[in-house]
Amino acid sequence: MDIWGYIALAVLAVAILIVIIRNVYIVQQSRAYVVERLGAFSAVWEVGMHFKVPFIERVAKKISLKEQVMDYPPQPVITKDNVTMQIDTVLYFQITDAKLYTYGVEHPMSAIENLTATTLRNIIGDLELDQTLTSRDVINTKMRAILDEATDPWGIKVNRVELKNILPPQDIQNSMEKQMKAERDRRQAILQAEGAKRSAVLVAEGEKEAAILRADAAKQAAILKAEGEAQAIIEVQKAMADSLKLLNDAAPNDQVIKLKALEAMQRVADGQATKIIIPSEIQGLAGLAASAKEVFKS
């Protein structure tokens, strides 16, 4: 074999090697390859290394099995009470069957977007404006159930649907803001009234307790004063009784008794307008007492 024969063999070997290398596929994690043989579905390659038969088989589609997110732009939706709103949705889905995803529907992403739009319009069309604004969770749950059932033949699993924004017309937004402001003002007025009422009640209770304490203090003072006066009277009467007892024990004569009577009259006569008539027998004794007093002074 001449040199040209060797060259031809070398070229053929290189070509065969290139063909083999180009037909070796390594499938990565979370991906799947759909393979066709002579135009018909053959197999789904999963993670690992695979060899494609040259010129007979081909990789029809490379699919990601990760969860994907589709953020759809706002679209007009009419509520049951004829209010047009702009609503944008976010869809979370995952391809679970590569074969169904490849052969189930043409342009599956576009199909899901259109299906999401029509489903949203149908659900919002049965709700009024207030219900739409307060029923996000209900709408999300209904949409997820409907979309998941509809996309199941396409090999797609809808995991979650979220209403990202709900934008009513500007005039309705202004009315809602005024209504919310009025509601906040009403609540503030109620809180202020309740605070004033509570403050008045506390002040009244404080004044009541203070009055009760003052009355109780006055009562206790009066009781103590009365008890003191009673005790003083008792002590005076006791002293008088003791003096009379001592006087009786001393067996005084008539002159001593008359002298005591004179002293008593002097105490009675301490008042400025007091007039006393002294018996004659005491008058002599009074003179005697006065003379004795003068003697002692001298």
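Visitor: Is Q75 buried or exposed?
Guide: Q75 counts as buried because its relative accessibility is 10%, where buried means under 20% relative accessible area, exposed over 50% and partly exposed in between, found with a 1.4 Å probe on protein chains only. This is a predicted model, in which local features need pLDDT of at least 70 and side-chain atom pairs count only at pLDDT 80 or more, while totals for chains, interfaces and linings use all residues. Residues are numbered from 1 along each chain as its sequence is written, and side-chain values use heavy atoms, with hydrogens and water left out.

Visitor: Where is the place of Q75, and what is Q75 in contact with?
Guide: Q75 belongs to strand β7, residues 75-78; helices (H or I, at least four residues) and strands (E, at least two) are DSSP runs, numbered from the N terminus. If neighbours within four places in sequence are left aside, Q75 has contacts, meaning heavy atoms within 4.5 Å, with M85, Q86, I87, A117, L120 and R121.

Visitor: And what does I87 touch?
Guide: Not counting residues up to four places away in sequence, I87 touches P73, P74, Q75, V77, L120, I124, L163, N165 and I166.

Visitor: Which residues of the largest nonpolar core touch the most other members?
Guide: Of its 30 residues, those are I87, L91, L120, I139 and M143; a nonpolar core is a set of buried Ala, Val, Leu, Ile, Met, Phe, Trp, Tyr and Cys residues joined through side-chain atoms within 4.5 Å. The elements giving two or more residues to this core are β2 (31-37), β8, α2 (98-103), α3, α5 and β9. Another core, of six residues, lies apart from it and has Y25, V27, V35 and W45 among its members.

Visitor: Switching to α5, which of its residues are buried?
Guide: The buried residues of α5 are I139, N140, M143, L147, D148 and T151. They cover an arc of only 150 degrees around the axis, so they sit on the same side of α5, the arc being that of the directions from the helix axis to the C-beta atoms.

Visitor: What covers them, and what does the face turned away carry?
Guide: The cover includes β8 (84-95), α3 (108-124), α4 (129-134) and β9 (156-167), whereas the face turned away from the buried side carries the exposed residues D137, T141 and E149.

Visitor: Last one: how many helices and strands does the protein chain have?
Guide: The chain comes to eight helices and nine strands, and of its 298 residues 20% count as buried.
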